[in-house]
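Me: I am new to this structure. Please show it to me, and then let us go through it in questions and answers.

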Amino acid sequence: MTFEQLSIFVAVAEREHLTRAAEALRLTPSAVSAAIRNLEAFYRVALFHRVGRRIELTEEGRQFLEEARAVLRRVRSAEQTLAELGGLMRGTLVVEASQTVASYWLPPVLMRFHHAHPGVNLKFTLGNTTSVTAAVVEGRADIGFVEGVVDEPALSVARLIDDAILVVTAPDHPWADGRPLTPQDLVDGTDWVMREAGSGTRAAFEAAITARDVDPADLKVVLELPSNEAVLSAVRTGGSATVVAGVAARCFVDAARLARANFTLPPRAFSVLRHKERRASRAADALERLAREAAAAPAAE
C-alpha cells in the first residue's frame with residue numbers, strides 16, 4: 001500500500017466519482033482507476049460498488065475510509081512539522097470556507113498569504129457552514145471560515161467582521177416600495193427562493209424570524225438553490241423574495257437590479273474556526289493573523 005494509493009482512495013471515496021477525483025488530484029482517470037483496482041486486487045477486498053456509471057463505497061470501503069483519512073492526517077502533520085523547521089518555506093495548508101465569505105471576503109486574504117509564503121501550498125475547498133464545521137472537527141481542514149452560527153465544543157470560533165443580512169426582491173415586486181414589513185408578511189406576502197439547508201445565511205435568517213414568532217416551515221419556499229449567484233438570478237426574474245448576505249447583494253441593489261425590502265434582520269459574523277486540541281500549525285496561525293488584520297482594516301467595514 002502506497003501513500004499515493006491512500007490519497008487516491010480518499011479522493012474517490014469523498015467524491016464518489018473517478019473523474020472528479022482525478023481532476024482534484026491532477027491525474028488521469030485511468031491512473032486513478034488503476035490505483036483503486038490494484039489496491040482491491042492486492043488485498044482481495046471490494047472497496048467500491050460499480051453501479052452503472054456511478055460508484056459507491058462498500059461497507060468495507062466505509063470502514064477503511066476512516067483509517068485512510070487518519071493516515072493522511074498524520075502524514076500532513078509530519079509534513080507541516082518539517083516545513084515549520086524551515087520557516088514556512090514549504091508545506092500544505094488546507095482551508096475550507098463557506099460560500100459567502102469565500103466568494104466576497106476571503107480571496108484577498110489568501111492572496112496576501114500566498115505572497116508572504118509562496119512555498120506553502122494552499123488547498124482550498126468551498127462548502128457551507130455545516131460542511132466547513134465538520135471538516136475542521138474531523139481534521140480534513142486546518143482552518144475554516146464561515147458566516148453562520150457554529151455551536152461545536154471541539155472548535156474555537158473567533159469573530160472577524162459583521163455583515164448585514166438583507167431581504168431582497170426584483171424591482172417590480174410589491175415589497176420594493178419600501179413599506180415596512182411585518183413578520184406575518186413574510187408568510188403571507190410572497191414566495192421564497194432560498195439557499196440550501198446548512199447555509200449560514202439561511203440559518204441566521206431562520207433563527208431571526210423564529211425569535212419573532214414566525215415558523216420558518218410556514219414560508220412558501222418554492223425553490224432551493226446551492227449558491228448566492230443562483231438565488232439572486234432567480235429572484236431577479238420577479239415574483240419572489242430571498243434572504244442573502246449584504247456583501248453578495250449590495251452591488252445589485254446599488255445598480256437597481258434588485259430592491260431591498262424593508263425588513264430589518266440582525267447582522268451575522270464572519271468567523272474563523274480552529275480545533276481546540278489539534279496542534280496549531282504556523283501556516284494556519286499566519287493565515288488567521290492576516291485575516292484578523294484584514295478585518296481590522298477600514299476597507300473591511
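Me: Is Asp213 buried or exposed?
Reply: This is a predicted model, where local features need pLDDT of at least 70, side-chain atom pairs count only at pLDDT 80 or more, and totals for chains, interfaces and linings use all residues. Residues are numbered from 1 along each chain as its sequence is written, and side-chain values use heavy atoms, with hydrogens and water left out. Buried means under 20% relative accessible area, exposed over 50%, and partly exposed in between (1.4 Å probe, protein chains only). Asp213 has 75% relative accessibility, so Asp213 counts as exposed.

Me: Where does Asp213 lie, and what is its phi near?
Reply: Helices (H or I, at least four residues) and strands (E, at least two) are DSSP runs, numbered from the N terminus. Asp213 sits in the loop between H9 and strand S9 (220-225). Most residues other than glycine have a negative phi. Asp213 is not a glycine, yet its phi is positive, near 65°.

Me: Which loop holds Arg26, and what is its phi?
Reply: Arg26 is in the loop between helix H2 (18-25) and helix H3 (29-43). Its relative accessibility is 77%, so Arg26 counts as exposed. Arg26 is not a glycine, but its phi is positive, at about 60°.

Me: Which side chain makes a polar contact with that of Ser33?
Reply: Ser33 is in helix H3. It has 19% relative accessibility, so Ser33 counts as buried. A polar contact is a pair of N or O atoms within 3.5 Å; within protein, one must be able to donate a hydrogen and the other to accept it, and residues adjacent in sequence count only if both atoms are side-chain atoms. At 2.7 Å, the partner of the Ser33 side chain is that of Arg37.

Me: Which side chain is joined to Thr201 by a polar contact?
Reply: Thr201 belongs to helix H9 (residues 200-210). Its relative accessible area is 1%, so Thr201 is buried. Contact means heavy atoms within 4.5 Å. Leaving aside neighbours within four places in sequence, Thr201 is in contact with residues including Thr100, Glu147 and Ile165, and its side chain has a polar contact of 2.9 Å with that of Arg268.

Me: How far apart in space are Ala135 and Val94?
Reply: Ala135 lies in helix H7 (residues 129-138). Its relative accessibility is 0%, so it counts as buried. Not counting residues up to four places away in sequence, Ala135 touches Glu96, Arg140 and Ala141. Ala135 and Val94 are 41 residues apart in sequence, and their C-alpha to C-alpha distance is 9.9 Å.

Me: Which residues of H12 are buried?
Reply: Helix H12 (residues 282-296) has 15 residues and reaches 21 Å from its first C-alpha to its last. That is close to the expected 21 Å at 1.5 Å a residue; the expected span is 1.5 Å times one less than the number of residues. An α-helix has 3.6 residues a turn, so residues three or four places apart point the same way. The buried residues of H12 are Ala283, Ala284, Ala286, Leu287, Glu288, Leu290, Ala291, Ala294 and Ala295.

Me: How many helices and strands does the protein chain have, and what share of its residues is buried?
Reply: The C-alpha trace spans about 70 × 50 × 35 Å along its principal axes. The chain has 12 helices and 12 strands. Of its 301 residues, the buried share is 47%.
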